[in-house]
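Here is a short briefing for a reader who meets this structure for the first time.

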Amino acid sequence: MFWKTVGLLSALGAASLAVAYYLPPLVVRLRQVGKVRRNGAGKLALSYDDGPDDSLTPQLLDLLDRYQVKATFFMVGFRAEKLPEVCTRLAAGGHELGTHTYSHRSAWKAGPLWSVRDTLRAYQVLNRWIRPSAPFRPPMGKATLPMLWAIRRRGAPVYWWTHRGCDTLDPLPEPARVAEVILKDPTGVVLLHSHHKEPERQRYVLELTERLISGALARGRKLCTVSEVLKP
């Protein structure tokens with residue numbers, strides 16, 4: 001009976017630690033989605049993860065420049081190190097720039113200390129183009145309490161999304177259909193990626209981006225950054 005009690009208490013303790021480790025970021029994410037709904041009516045934010053690269057990212061910038069639209073880019077540290085000229089163009093274009101860790105590894109698959117160090121390393125690598133409190137988006141949207149604490153200590157917001165652009169699916173859906181679903185919502189933050197090497201995925205991201213821009217403008221909606229969607 002004694003050892004059963006010990007085992008039960010140990011299991012309860014482990015469950016409590018797991019809740020404390022994973023639950024706070026999920027709560028913050030849900031609250032942020034609610035804030036987008038409250039403050040973002042008539043606004044649509046385009047956000048791009050995992051870049052920069054030397055092919056799709058420049059094409060996206062050309063497209064956004066053509067429509068004079070500002071988007072939010074969450075950059076991966078090791079990729080940014082290799083392409084400083086693309087980072088400089090992103091910054092010069094007036095886009096909102098944030099971090100996406102240095103190595104792009106899920107915090108749920110790495111130790112807490114490693115994840116925090118990897119997260120903060122991205123700020124060091126990107127400090128030529130971003131401010132110290134630039135927004136952060138966790139890879140795959142998976143964050144932990146230590147990661148959240150480290151980001152909040154530097155005064156940086158953590159941003160998620162409300163709509164997936166579906167550019168990582170296989171097979172890819174029809175861009176027109178995805179755009180239609182997203183634009184039915186009166187507000188939102190769209191998740192896309194700016195590092196695809198496959199021509200088919202590059203075409204998809206570019207087509208969906210243009211459909212979202214033209215569709216939002218036709219509806220009289222404002223295309224903006226993630227920070228602007230969250231502002232009252």
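## Briefing

Arg177, with a relative accessibility of 46%, counts as partly exposed, a class that lies between buried (under 20% relative accessible area) and exposed (over 50%), as found with a 1.4 Å probe on protein chains only. This is a predicted model, in which local features need a pLDDT of at least 70 and side-chain atom pairs count only at pLDDT 80 or more, while totals for chains, interfaces and linings use all residues. Residues are numbered from 1 along each chain as its sequence is written, and side-chain values use heavy atoms, with hydrogens and water left out.

**Salt bridges**

- Side chains of opposite charge can pair when their charged atoms come close.
- The structure holds 10 salt bridges, each being a side-chain nitrogen of Lys or Arg within 4 Å of a carboxyl oxygen of Asp or Glu.
- Salt bridges that share partners join Asp53, Asp54 and Lys197 into one network.
- Asp49 forms a salt bridge with Arg137, in which the closest N and O atoms are 2.8 Å apart.
- That pair links distant parts of the chain, since Asp49 is in strand S1 (residues 43-49) and Arg137 is in the loop between helix H5 (112-125) and helix H6 (145-153), 88 residues apart.
- Asp49 is buried, with a relative accessible area of 3%, and Arg137 is buried too, at 0% relative accessibility.
- Asp62 and Arg89 join their side chains in a salt bridge of 2.5 Å, N to O.
- Because Asp62 lies in helix H2 (residues 56-67) and Arg89 in helix H4 (residues 84-92), this pair ties together parts that are 27 residues apart in sequence.
- Asp62 is partly exposed at 42% relative accessibility, and Arg89 is partly exposed at 32%.

**The chain as a whole**

- The secondary structure comes to 9 helices and 6 strands, where helices (H or I, at least four residues) and strands (E, at least two) are DSSP runs, numbered from the N terminus.
- The radius of gyration of the chain is 19 Å, close to the 17 Å that the globule rule gives for 232 residues, so the chain is as compact as a globular protein of that length; the radius is taken over C-alpha atoms, and the rule is 2.2 Å times the number of residues to the power 0.38.
- Along the principal axes, the C-alpha atoms fill a box of roughly 70 × 40 × 40 Å.
- Buried residues make up 51% of the 232 residues in the chain.
- Among contacts between residues at least 6 apart in sequence, 79% join residues at least 24 apart, a contact being heavy atoms within 4.5 Å.
- The chain has 34 positive and 20 negative side chains, and the centres of the two sets lie 10 Å apart; Lys and Arg count as positive and Asp and Glu as negative, while His and the chain ends are not counted, and the place of a charge is NZ of Lys, CZ of Arg, CG of Asp or CD of Glu.

**Backbone features**

- Most residues other than glycine have a negative phi, and most peptide bonds are trans.
- The peptide bond from Gly51 to Pro52 is cis, with omega near 5°, and Pro52 is found in the loop between S1 and H2.
- The peptide bond from Asp170 to Pro171 is cis, with omega near 5°, and Pro171 is placed in the loop between strand S4 (163-164) and H7.
- Asp50, in the loop between S1 and H2, has a positive phi of about 80° although it is not a glycine, and Asp50 is buried at a relative accessible area of 6%.
- Thr101 has a positive phi near 70°, is found in the loop between strand S3 (96-99) and H5, and counts as buried at 1% relative accessibility.

**Surroundings of Leu46**

- Leu46 lies in strand S1 and counts as buried, at 1% relative accessibility.
- Leaving aside neighbours within four places in sequence, Leu46 is in contact with several residues, including Leu64, Val190, Ile213 and Cys224.
- Leu46 and Ile213 are 167 residues apart in sequence and 8.9 Å apart in space, C-alpha to C-alpha.
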